[in-house]
Amino acid sequence: MDTQSFDEWDEQHAPERAGDTDFDGVMSRRLFLRGSATLGAAAFVMTAGLAPKPAMAASKAGFTFSPIAANVADTVTVPDGFSTQIVVRWGDPMNSATPAFDHASRGTAKSQAQAVGDNNDGMDLFEVEGRTVLVFNNEYTNRSITFGNRDSKLPETDDDVNKGKMAHGLTLVEVTERNSQWQVVMDSPLNRRVTPDTAFEVVGPARGSDLLKTSADKAGTRVLGTFNNCGNGRTPWGTYLACEENFNGYFSASQGEGFVQTDAQKRYGIASGGKDWGYAWAQTDSRFDVSAEPNEPHRHGWVVEVDPAGRRQPVKLTALGRFKHENAEVVLSNDGHAVVYLGDDERGEFLYRFVSRDTYVEGGDNSALLHHGELFAAKFHDDGRGEWLNLKDAGMQDDETLVFARMAASRVGATTMDRPEWVAANPHKTEAYVALTNNKYRGERDSQPLNAANPRTKNPYGHIVRWAPEQADHGSDAFTWDVYAMAGNPTLHSDLMGGSSNITPDNMFNSPDGLKFDAAGNLWIQTDGNYSNEKGFAGMGNNQMLMGDPETGEIHRFMVGPKECEITGLTWSPDRKTMFVGIQHPGEKGGSHWPEGGDAVPRSAIVAVKRNDGGIIG
Ligand code: FEO
Ligand code: CA
Ligand code: CA
Ligand code: CA
């Protein structure tokens with residue numbers, strides 16, 4: 001167990017989907033051949049062609065770089081002309097009363113509650129009264145590392161359990177740049193943690209629902225905590241959205257193996273076999289025992305909204321639905337409604353869109369804009385058209401539709417997808433991209449047949465699909481779509497497994513996950529994939545970050561991470577001269593000592609990347 005990656009753990013515990021429907025036809029394997037453009041009217045593989053490798057990649061921000069080769073080094077590699085520095089690491093104290101990270105004990109519950117959380121993921125930077133606040137998610141803990149001081153490599157004492165719990169949630173730290181180096185402002189009043197014990201107000205249609213009531217909250221309006229926050233979002237009104245993903249892995253049942261899941265618990269993977277995923281939170285907090293509190297899992301799996309300044313209480317946004325949220329990409333429709341694109345990262349789950357009831361008011365109070373609206377799931381037709389299906393047509397009660405959004409989306413006939421990860425909207429064109437990371441069940445399970453948008457059996461490498469809403473309006477219910485990139489290994493395969501024509505031996509990668517556009521319109525692609533560098537993945541090296549051109553389809557490798565890490569989370573300083581990149585779970589299988597080296601415990605960290613000439617980088 002202790003050498004499994006999180007994805008492997010998740011996969012072992014992935015629920016067999018119950019009660020879903022997929023009306024997509026099985027598409028012919030003859031279509032979609034490498035380099036061809038034969039997928040009907042609009043769905044096509046990019047035809048950038050196998051042009052000779054350019055010596056320099058040019059970004060839309062005007063800077064150039066020499067794309068780097070894949071590698072398996074235990075370091076962060078960037079092109080010549082760029083440099084990196086560590087900004088924050090797991091366990092770094094945020095105030096002078098908290099001790100520095102102790103590599104022997106890996107901290108205590110008390111120290112962890114006052115220190116940077118573990119496994120940084122989605123992030124954004126905010127200006128608060130002239131100060132700069134970096135806000136980031138702390139998705140989970142690597143049990144074999146956090147509890148590496150224990151023989152079992154799992155939490156043993158109550159303090160161990162609570163230490164792990166306090167490593168989850170969000171970290172907010174004031175940062176400043178001194179002598180060209182970014183650093184945390186110790187003891188800043190803006191430094192704080194949001195943890196699995198922080199109080200949240202429930203807002204939106206499911207507030208007060210019977211499904212949300214527990215013995216500690218008989219009104220169903222107030223929830224303690226957020227955890228397993230994966231990707232994020234940023235609203236035009238300056239708040240931070242954190243997305244609760246694998247929340248199911250924290251619940252166990254005191255009945256143990258005698259615990260029988262309901263259909264809904266099966267669909268959401270709650271307490272399979274009566275067990276959690278090794279966090280043991282029920283040991284110190286009985287609400288994580290579903291035998292005692294069957295509704296507690298309904299209170300998690302939402303998108304939460306947090307004020308970086310800490311003036312407003314954080315809220316759980318029930319209108320955006322409950323599933324394994326990846327990120328929340330916020331745009332405005334042409335008539336001012338907030339539109340939020342949302343992925344549900346599980347094999348065969350769906351892509352969603354929320355459209356607010358009310359409209360954005362520039363300079364006004366938009367704090368309730370995400371409280372009410374309509375939720376849709378995507379249907380990708382094989383002819384390159386698509387539509388957003390309104391979940392209200394599922395024929396369920398309003399609160400059920402949101403709490404069990406997966407079931408509602410199945411009922412309306414949405415298209416099962418290959419694990420939707422981040423969605424990114426192009427700031428210069430009305431289009432959005434979703435990373436479909438991989439899916440070993442595609443074409444293998446009856447509930448997940450091949451379709452044009454998910455065309456590859458077992459999809460080991462993943463792909464990126466994009467859509468353009470009709471009338472160039474994110475509020476339109478119809479869109480056209482195509483495949484931006486089909487990852488693959490062209491050194492081994494000449495069929496679909498070789499990838500689309502914009503994938504070459506020089507830029508190949510697998511399992512796209514993080515996606516974000518910079519201000520200039522470059523699409524940055526981060527990977528969370530197989531880093532074995534063997535067999536089908538030979539030549540891909542460690543996880544990486546690449547820059548894609550949305551028009552030409554060209555993709556260039558910009559960064560390679562240390563061993564066994566994932567690269568996830570990306571933002572920029574207001575002057576666009578620093579790019580902040582997240583390095584998550586280096587050494588998750590015991591093979592890294594990054595960033596400190598030697599015998600050090602590997603630690604997730606955020607790095608700042610700059611151009612040596614001080615120019616803009618995004
Ligand atoms: Fe936390 Fe889907 O990645
Ligand atoms: Ca992710
Ligand atoms: Ca992933
Ligand atoms: Ca991750």
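Reply:
**The calcium site**

In this predicted model, Glu326 (OE), Glu421 (OE), Asp513 (OD) and Asp513 (OD) coordinate the calcium ion (ligand 2), at 2.2 to 2.9 Å. Donors here are N, O and S atoms within 2.8 Å of the metal (3.2 Å for Na, K and Ca); water is not among the atoms, so sites may look incomplete. Along the chain, the donors of the calcium ion (ligand 2) follow the spacing E-x94-E-x91-D. Glu326 sits in strand β15 (residues 325-332) and Asp513 in strand β24 (residues 512-517), so this pair ties together parts that are 187 residues apart in sequence. Strands (E, at least two residues) are DSSP runs, numbered from the N terminus. Both Glu326 and Asp513 are buried. Buried means under 20% relative accessible area (1.4 Å probe, protein chains only).

Next come the neighbouring ions. Glu421 coordinates both the calcium ion (ligand 2) and the calcium ion (ligand 3), which are 3.9 Å apart. The calcium ion (ligand 4) is 4.7 Å from the calcium ion (ligand 2).

The protein donors of the calcium ion (ligand 4) are Glu139 (OE), Glu566 (OE), Glu566 (OE) and Gln584 (OE1), at 2.4 to 3.1 Å. Their spacing along the chain is E-x426-E-x17-Q. Glu566 in strand β28 (residues 566-572) and Gln584 in strand β29 (residues 578-584) are 18 residues apart. Both Glu566 and Gln584 are buried.

Residues are numbered from 1 along each chain as its sequence is written, and chains are lettered from A and ligands numbered from 1 in the order in which they are written. In this predicted model, local features need pLDDT of at least 70, side-chain atom pairs count only at pLDDT 80 or more, and totals for chains, interfaces and linings use all residues, while side-chain values use heavy atoms, with hydrogens and water left out.

Definitions and conventions: Helices (H or I, at least four residues) and strands (E, at least two) are DSSP runs, numbered from the N terminus. Buried means under 20% relative accessible area, exposed over 50%, partly exposed in between (1.4 Å probe, protein chains only).
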